[in-house]
Amino acid sequence: MTATALESQLVVGATLFILGMIGFLTRRNLILIMLSAELMLHGVSVNLTAFSRYHGNPQGQVFTIFVLTIAACEAGLALSLILSLYQRRKSLDVFLWGKLGEDDLPVLSSPIAPASAAQADPNVDLPHLTPAGRMPKTQSGTQAKT
Amino acid sequence: MQWNEENGLLLIPLGLGWLAVWWLMPAVKQRPRILGGLSALAAVLMMQMMLLPPAGEPVRNGLFFLFAAAAVLSAGLMITDKNPVYSALWFALVTLAVCGLFLLNSAPFLAASTIIVYAGAIIVTFLFVIMLAQQSGTTSSYDQQPFQPGVASFVAFVLLGALLFTLQEWGGIDGKNLSDDARPGQFVAMPAGINPNPLSQAPSDNPHEIGSLRVLGRSLFGDYLFAVELAGTVLLIATIGAIAIAPRRSQGTL
């Protein structure tokens with residue numbers, strides 16, 4: 001009887017995972033969101049090593065090494081993304097990035113382009129997409145204004 | 001009613017943990033943090049009382065509970081701290097505690113590499129980004145207003161309760177099944193007619209040897225050679241992507 005019970009290790013792993021999930025869901029700082037994702041990975045790693053010891057083969061530890069590799073990749077990519085996002089809005093608040101569309105692109109479903117599109121661009125800091133392809137012809141013969 | 005008698009005791013630490021996380025979350029109106037801390041301590045202590053195995057080495061069990069409590073409490077403080085710098089430092093403490101758990105699970109190489117990769121590289125990079133982005137030193141308004149902390153932590157603790165109940169049904173965290181000795185892996189059966197990889201044979205009968213470099217290297221470069229190559233490719237692509245995404249100095253520094 002040398003090992004601590006497997007179940008208690010699983011409980012610790014589940015608790016770490018859940019705490020990371022709470023941080024991921026509630027916090028609004030971009031860096032804290034990424035740190036919470038790393039916390040969830042820690043919980044999974046505890047589970048994997050516990051099962052590796054329980055079954056007496058090294059596969060769980062090998063999986064943990066792969067988790068470590070992916071965590072390193074994820075941290076590098078996430079930090080460069082956060083830096084370029086911060087450069088655009090000068091803030092780490094994730095609520096500033098809630099809107100996905102662009103205001104000045106034409107809405108193709110409605111025949112009349114919104115009047116506010118011609119006014120001052122509210123999203124100067126966003127990358128601008130030029131409309132590509134042919135404009136579909138509507139039934140009435142009037143084309144949407146680009 | 002029988003279900004209540006068997007599982008109802010788990011509800012108390014779960015509820016206490018939810019209260020602690022919800023109470024410790026940063027808010028505009030400052031709450032006294034001592035209440036949340038006491039609630040969290042009570043929850044962790046109750047869980048440890050329920051998890052206590054009746055037999056075993058006292059030193060090993062003591063170390064396990066020390067590391068587990070350190071990991072869980074530091075994780076709670078990390079997700080509830082108002083200052084992101086302190087959060088990163090608490091995360092470093094979580095990493096150290098998890099490495100202690102790795103050591104107890106006879107994975108010394110994994111513990112060393114986790115400390116090197118996480119504490120040496122990832123947390124330092126996170127701290128650099130925090131220092132670049134928040135130079136004023138004051139906590140921002142979005143750090144003081146988390147998004148629906150009560151509902152999110154309630155749902156998360158319901159999920160945790162479901163996991164714990166499943167564990168209790170499966171093996172019994174209250175000591176129903178404690179035959180936990182290391183046993184040879186049997187759940188991957190080699191099909192008949194296929195020669196097994198000689199590198200991936202069960203190395204020895206010593207259960208303490210599963211984390212050694214010899215066994216790990218044999219498994220990595222014997223069984224998982226293709227996955228190792230893929231992981232190297234993923235690392236290379238992530239490096240290229242990070243260099244491509246990161247803002248240039250010509251676009252203006254932070």
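This is a predicted model: local features need pLDDT of at least 70, side-chain atom pairs count only at pLDDT 80 or more; totals for chains, interfaces and linings use all residues.
User: How many helices and strands does chain A have?

Analyst: Chain A comes to three helices and zero strands, in the pattern α-α-α. Buried residues make up 44% of the 146 residues in chain A, and for chain B they make up 30% of its 254 residues.

User: Why is B:Met47 called buried?

Analyst: A residue counts as buried if 20 or more other C-beta atoms lie within 10 Å of its own. B:Met47 has 26 other C-beta atoms within 10 Å, and therefore it is buried. B:Met47 belongs to helix H3 of chain B, which covers residues 33-51.

User: What makes B:Pro13 count as buried?

Analyst: The cut-off is again 20 or more other C-beta atoms within 10 Å, and B:Pro13 counts as buried because it has 22 C-beta neighbours inside 10 Å. B:Pro13 lies in helix H2 of chain B, and, not counting residues up to four places away in sequence, B:Pro13 touches B:Ala43, B:Met46 and B:Met47. B:Pro149, by contrast, is 136 residues from B:Pro13 along the chain, with 19 Å between their C-alpha atoms.

User: Why is H2(B) described as roughly antiparallel to H3(B)?

Analyst: Helix H2 of chain B, residues 11-24, packs against H3(B) at an angle of about 155°, and the axes of the two are 8 Å apart. Angles over 145 degrees count as roughly antiparallel, so H2(B) is roughly antiparallel to H3(B). The crossing in which H2(B) passes H3(B) is left-handed.

User: Which residues of H2(B) and H3(B) meet, and how do they divide by class?

Analyst: Among those in H2(B) are B:Pro13, B:Leu16, B:Ala20 and B:Trp23, while those in H3(B) include B:Arg33, B:Ala43, B:Met46 and B:Met47. By class, the contact has 13 nonpolar, three polar and one charged residues.

User: What share of the contacts in each chain joins residues 24 or more positions apart?

Analyst: Taking contacts with a separation of 6 or more, residues 24 or more positions apart account for 62% in chain B. In chain A, 52% of the contacts between residues at least 6 apart join residues at least 24 apart.

User: How many residues of chain A are in contact with chain B, and which helix gives the most?

Analyst: The contact involves 66 residues of chain A and 86 residues of chain B. On the side of chain A that touches chain B, H1 (6-26), H2 (30-55) and H3 (59-89) of chain A each supply at least two residues, and H3(A) gives the most, with 21 residues. The residues of that side divide into 37 nonpolar, 23 polar and six charged.

User: Which residues touch the most other members of the largest nonpolar core?

Analyst: That core has 83 residues, and those touching the most other members are A:Leu16, A:Ile18, A:Ile31, B:Ala71, B:Ala75, B:Val94 and B:Leu101. The largest share of the core, twelve residues, comes from H2(A). Leaving aside its neighbours within four places in sequence, B:Val94 is in contact with A:Leu39, A:His42, B:Ala71, B:Ser74, B:Ala75 and B:Met78.

Terms used: Residues are numbered from 1 along each chain as its sequence is written. Chains are lettered from A and ligands numbered from 1 in the order in which they are written. A residue is buried if 20 or more other C-beta atoms lie within 10 Å of its own, exposed if 12 or fewer, and partly exposed in between; C-beta atoms are placed from the backbone. Two residues are in contact if their C-beta atoms, placed from the backbone, lie within 7 Å. Helices (H or I, at least four residues) and strands (E, at least two) are DSSP runs, numbered from the N terminus. Axes are lines fitted to C-alpha atoms, for helices over the stretch in contact, and angles run from 0 to 180 degrees between N-to-C directions. Angles under 35 degrees count as roughly parallel, over 145 as roughly antiparallel, 65 to 115 as roughly perpendicular and the rest as oblique. A crossing is left-handed if the near helix is turned anticlockwise from the far one by less than a right angle, and right-handed if clockwise. Ala, Val, Leu, Ile, Met, Phe, Trp, Tyr, Cys and Pro count as nonpolar, Asp, Glu, Lys and Arg as charged, and the others, Gly among them, as polar. A nonpolar core is a set of buried Ala, Val, Leu, Ile, Met, Phe, Trp, Tyr and Cys residues joined through C-beta atoms within 7 Å.
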